Amino acid sequence: MAQADEAGILLIGNGTDIESLDPHMATGQPEHHVITTLFEGLVAPAADDPDADAPGVATHWQSADFITWTFHLREDALWSDGTPLTSADFLYSWQRILSPALASDYAPMLYLMKNAQAYNEGRLTDFAEVGAIAPDAHTLVITLEGPAPFFPSLLKHYTWFPVPRHGVEKFGTMTQRDTAWARPGNLIGNGPFLLQDWRINHFISVTRNPRYWDAANVGLNGIRFFPIDNAESEERLFLDNQLHVTNSVPLAKIAVYRRERPTYFHQSPELSVEFYRCNTTRPPLNDERVRNALALALDRRALVEDVIRSGSLPATSLTPPGSSPDYPPLQLISYDPEKARQFLAQAGFPGGRGFRKIEILTNSSESARTIAEFFQESWKRELGLEISILQQEWQVYLDSTRKLTYDIARAGWVGDYTDPYTFLGIWRKGDGNNNTGWNSPAYDALLDASTQEAETSRRMATLRQAETLLMQQMPIIPVYWKTNSELIRPEVENWKPSVISHRCYKALRLGPYQPLPPRRP
Amino acid sequence: MIRFLFQRLFQGLIVIVCVISITFLIIRAAPGGPFAKDRAMPAYVQENLERLYGLDQPLPVQLWRNLKSFLTLDLPVSYRLKGWNVKDIIAQAMPVSFTVGAAAFLIAIGLGVPAGAWAALRAGQIEDRVVMTLATLGICVPSLVLGPLVALVFGLKLHWFNAAGWYASSDWVLPAATLGFISASAVARLTRGGLRETLSQDYIRTARAKGLPEKLIIIRHALRLACLPLLNYLGPLAAGLLSGSFVTETIFQLPGLGRHFISSALHKDFTLAMALAAFFAVLIVVFNLLVDILQAWLNPRIRLSEK
């Protein structure tokens, strides 16, 4: 540890193993953490608040109507092999990720751009019709489907990052999957760091990129990411001086750490919600009174404080705090067993009589089961309902959710960008993530109205209306808003919390080695 | 002998083909696909993916394509680790698992055989009871309990070794000791059983009657035959240890094969799962063959050519 501190190498626990470092193939948060060291988009996370927007490859940008955006690229931007980085690289990259032949999982992240969806679905074959043009080598003009004031923050997502044409096509064609271009020795990036080594299930190491435009302000000499998906193992490594920052903290120990280790235990809100889907195609869950009864009979405060104890917040609606400064969380649901019983009686099941036994579906994790058991117990006690629990392996559980072969299913959603739309957009009719069988023309109309509204307060008011409607019909039952917990060594400087796990790596510094405080106070 | 070897190798090849086929069919029969994510993907993209990887073809065609690529050693890419050939993945993880597995295997024999022999010679006495209690404990305590305990005591408390990781040259010790102790328990019980039975045989009585020294009787005559049941166990044990252990690798954060076994199945990474199953089958075939040869050498009553 002392050696790593002296060498300026930061050691980070990074959750599950990484699947790909190709920004167009990657899908997860661990990938996001590494890719943002190797590549940089037009916009970058700001040093003092990573959720705020700072110049990346673009030095500045403007938009009059939030539909047409002009980005001015810096002239000193280079790929890590010294090739100049220009607007053509961005066009190439967006064409690549949107190409149906590449079949990129996260291509829908670009659908805000005009005609991007049509091109990705193969309905449009001329990329020139997609809303991105490059008037010159250092200017990009992007046209969106509708006004989106939050657009720059979306550009911090790796799906919008540039990839080097000469680097990609050295190992295959533009749309060829599974080539080796994003492996060590081959990968050419434009971020503050260079890919040094990648050992599967072992570590990924990156070193300082001397050709990065802001290399003078990069504080670390390198970073090592360790794939550790077991929180107990990760904690042991941290206490054994092998990690500076962990990705998680064992759930059972969070309360103890919070009480006894405030110097290196850190918690911050995440833009992430845990909720339950109701299959609204199946009686009795097709009755919104039943769904409301279920939602009202849950004492979420007791759940987060006595059962989960991770510092998460009881949800009072769907969209978590932090989605936008103009969109504070709505207070729409509470714990009201009396009203819940009334709703159930109105639906024709007084005291739960005549209600068929329903099943909660979860993935096979210990914590998912614990929460499901809390629900089972609450609904039995408050409403007199018989509930069973079914756990399935992740892939099987996804399949059941998609095919609507469940009654009530556990789910989670993590925001892709800082705007409530990232939580509300998925409940549209026909959205691939809806998976509840529910839809409402009024709801879809409100969402459509919000995408045509450029003025922030009016736009947020429309989204509030939509969320209120969603919570009246309750196809989904929000449970809690997640909090991120991590252990951070005292010598790590400038590590800032972010609701969507953005990090400004170049601002990080390592101070002189300090031993961890003794384990028992 | 040569004929026997060829026969067994041919049988082994059939076993490996069967293992690949069965793995493929099981994993295809399970719900969910390799490209399913918790976020929806457009139907068009999904179809494209299936066409690209040939998943839209009839099952026998898919099976044949996979078998062909394995048999011609032109291995496919992993479905999950994009851009990585399964060969590269196994090549990266194999040295780790082999190091830990070989050390654990040596610990299992070095600890288990003498302990078992000692217990057999002191049958019914206090030494026997102590050894057998320890052995039973070793069999009963799973590695997911023993592993963290070992890491806690020797890593975090005594600081003799790193609690986890694969960086220092001594990082093999704790995982190998964990696996080795557990396997040594079974080895000790088998050695004790085999030796006890052999010692009651007529030819041992004859040897004793001849006046041979007890040490010579045990080492030259008894142990040799007593090892036979143990040898049958050691073949699969070696294959199992060398191919890595998911639990131990997770606890000690080793980048070995064991974790790929589980994660490839969970992620429906067909190609990697098949490659690992085939790899494990090869190890089993090879070690069973070795065991057969060793048995013939130890026991003159088994003649390979007669089989």
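Author: Start with T175(A). It touches S99(A), A101(A) and L102(A), leaving out residues up to four places away in sequence. Touching, or contact, means heavy atoms within 4.5 Å. T175(A) sits in the loop between α6 (165-168) and β8 (193-199) of chain A. Helices (H or I, at least four residues) and strands (E, at least two) are DSSP runs, numbered from the N terminus. T175(A) is partly exposed, because its relative accessible area is 22%. The scale runs as follows: buried is under 20%, exposed is over 50%, and partly exposed lies in between (1.4 Å probe, protein chains only). From T175(A) to I408(A) is 233 residues in sequence and 39 Å in space, C-alpha to C-alpha.

A word on the source. This is a predicted model, where local features need pLDDT of at least 70 and side-chain atom pairs count only at pLDDT 80 or more, while totals for chains, interfaces and linings use all residues. Residues are numbered from 1 along each chain as its sequence is written, chains are lettered from A and ligands numbered from 1 in the order in which they are written, and side-chain values use heavy atoms, without hydrogens or water.

Now the domains of chain A. Domain 1 covers 2-217 and domain 2 covers 269-483; the bounds come from an automatic or database domain assignment. Their centres, taken over C-alpha atoms, are 33 Å apart. Domain 1 gives 12 residues to the contact and domain 2 gives 10. Together they bury about 910 Å², with 61% from carbon and sulfur atoms. Buried area is the accessible area (1.4 Å probe) that two parts lose on being put together, summed over both. On the domain 1 side, P147(A), P149(A) and F150(A) lose the most area to domain 2, together 47% of what that side buries.

Polar links here are quickly listed. A salt bridge needs a side-chain nitrogen of Lys or Arg within 4 Å of a carboxyl oxygen of Asp or Glu. There is 1 residue pair in polar contact, both at pLDDT 80 or more. A polar contact is a pair of N or O atoms within 3.5 Å; within protein, one must be able to donate a hydrogen and the other to accept it, and residues adjacent in sequence count only if both atoms are side-chain atoms. The domain 1 side has 6 nonpolar, 4 polar and 2 charged residues. Ala, Val, Leu, Ile, Met, Phe, Trp, Tyr, Cys and Pro count as nonpolar, Asp, Glu, Lys and Arg as charged, and the others, Gly among them, as polar.

Next, the partner chain. Chain B has 12 helices and 0 strands. Its C-alpha trace spans about 85 × 55 × 30 Å along its principal axes. Of its 307 residues, 49% are buried. One site in chain B is S69(B), in helix α3 (residues 59-71). S69(B) counts as buried because its relative accessibility is 13%.

Last, the interface between the chains. There, 50 residues of chain B are in contact with 52 residues of chain A. The two chains bury about 4,500 Å² between them, 51% of it on carbon and sulfur atoms. The count is 4 salt bridges. E19(A) and R80(B) meet in a salt bridge at 3.6 Å, N to O. The chain B side that touches chain A has 25 nonpolar, 16 polar and 9 charged residues.
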